[in-house]
Amino acid sequence: MAAQVFLIPCVIDELAINSIPAYSVDAVKKCEVIFAENERTTRRFLKSICKEITIDQYEWYTIHKVEEEQINTFKQKIKEGKTIAIFSEAGCPGIADPGSDLVMLAHDHNAKVLPLTGPSSLFLALMASGLNGQKFAFHGYIALKHPLRRENIIALEQQSK
């Protein structure tokens with residue numbers, strides 16, 4: 001049987017549990033393996049959405065930075081036909097997050113990728129901005145350090161003109 005990879009959304013705010021569709025719990029229960037950007041917060045999130053989930057029944061792998069070891073493990077789990085969940089720290093996996101590398105691997109290895117609906121800070125910001133949603137660009141995170149951050153902002157201003 002071909003591997004399945006569920007992209008499970010997480011809350012952006014811990015008080016916003018209702019922003020996660022109920023069917024996400026069913027998807028998590030089907031999974032055998034979890035790749036999470038932050039295992040500790042993912043465990044806490046899972047317990048908040050379903051107290052009955054047995055957290056230790058899953059194989060856990062952290063993907064804060066996707067490195068060779070995680071890539072090899074992910075490929076092996078796909079070859080084994082496992083049902084896998086990918087969790088971001090917040091929002092939807094694959095959006096400005098290391099999970100996108102694993103999603104590409106899943107496609108490369110013919111796994112079925114199943115994205116689930118959930119909150120996305122990118123789309124929430126776009127919706128609240130009043131800007132035209134037909135034409136926008138997402139450039140990822142800007143630099144945190146002052147001189148480079150200023151350069152990033154100036155470049156984005158120029159591009160938006």
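# A walk through the predicted chain

Asn110 is exposed, because its relative accessible area is 66% (buried is under 20% relative accessible area, exposed is over 50%, and partly exposed lies in between, with a 1.4 Å probe and protein chains only). This is a predicted model, in which local features need pLDDT of at least 70 and side-chain atom pairs count only at pLDDT 80 or more, while totals for chains, interfaces and linings use all residues. Residues are numbered from 1 along each chain as its sequence is written, and side-chain values use heavy atoms, without hydrogens or water.

Stay with Asn110 for a moment. It sits in the loop between α4 and β5 (112-115). Its phi is positive, about 60°, although Asn110 is not a glycine. Most residues other than glycine have a negative phi. Ala96 is another non-glycine residue with a positive phi, about 55°. Its place is the loop between β4 and α4. Ala96 is partly exposed, because its relative accessible area is 33%.

Now step back to the whole chain. It has six helices and five strands (DSSP runs numbered from the N terminus: H or I of at least four residues for helices, E of at least two for strands). Read along the sequence, the pattern is β-α-β-α-β-α-β-α-β-α-α. The C-alpha trace spans about 50 × 35 × 30 Å along its principal axes. Of the chain's 161 residues, 40% count as buried. Take the contacts (heavy atoms within 4.5 Å) between residues at least 6 apart in sequence. Of these, 73% join residues at least 24 apart.

What lies inside? The largest nonpolar core has 23 residues (a core is a set of buried Ala, Val, Leu, Ile, Met, Phe, Trp, Tyr and Cys residues joined through side-chain atoms within 4.5 Å). Ile8, Ile34, Phe45, Leu46 and Phe87 touch the most other members. Two or more residues come from each of β1 (4-8), α1 (23-30), β2 (33-36), α2 (39-49) and β4 (83-87). A second, separate core holds 17 residues, including Leu7, Val33, Phe74 and Val113.

Leu46 is then in contact with Val28, Ile34, Ile53, Ile55, Trp60 and Phe87.

Asp97 lies in the loop between β4 and α4 (99-108). Is Asp97 buried or exposed? Asp97 is buried, because its relative accessible area is 11%. Its side chain reaches the backbone nitrogen of Gly94 at 3.2 Å. This is a polar contact (N or O atoms within 3.5 Å; within protein, one able to donate a hydrogen and the other to accept it, with sequence-adjacent residues counted only if both atoms are side-chain atoms). A polar side-chain atom of Asp97 also lies 2.5 Å from the backbone nitrogen of Gly99. Beyond its neighbours within four places in sequence, Asp97 is in contact with Glu37, Ser88 and Glu89.

Gln70 is the last stop. It lies in helix α3 (residues 68-79). Gln70 counts as buried, because its relative accessibility is 15%. Which backbone atom does its side chain reach? The side chain of Gln70 reaches the backbone oxygen of Thr62 at 3.2 Å. Leaving aside neighbours within four places in sequence, Gln70 is in contact with Phe35, Thr62, Ile63 and Lys65.
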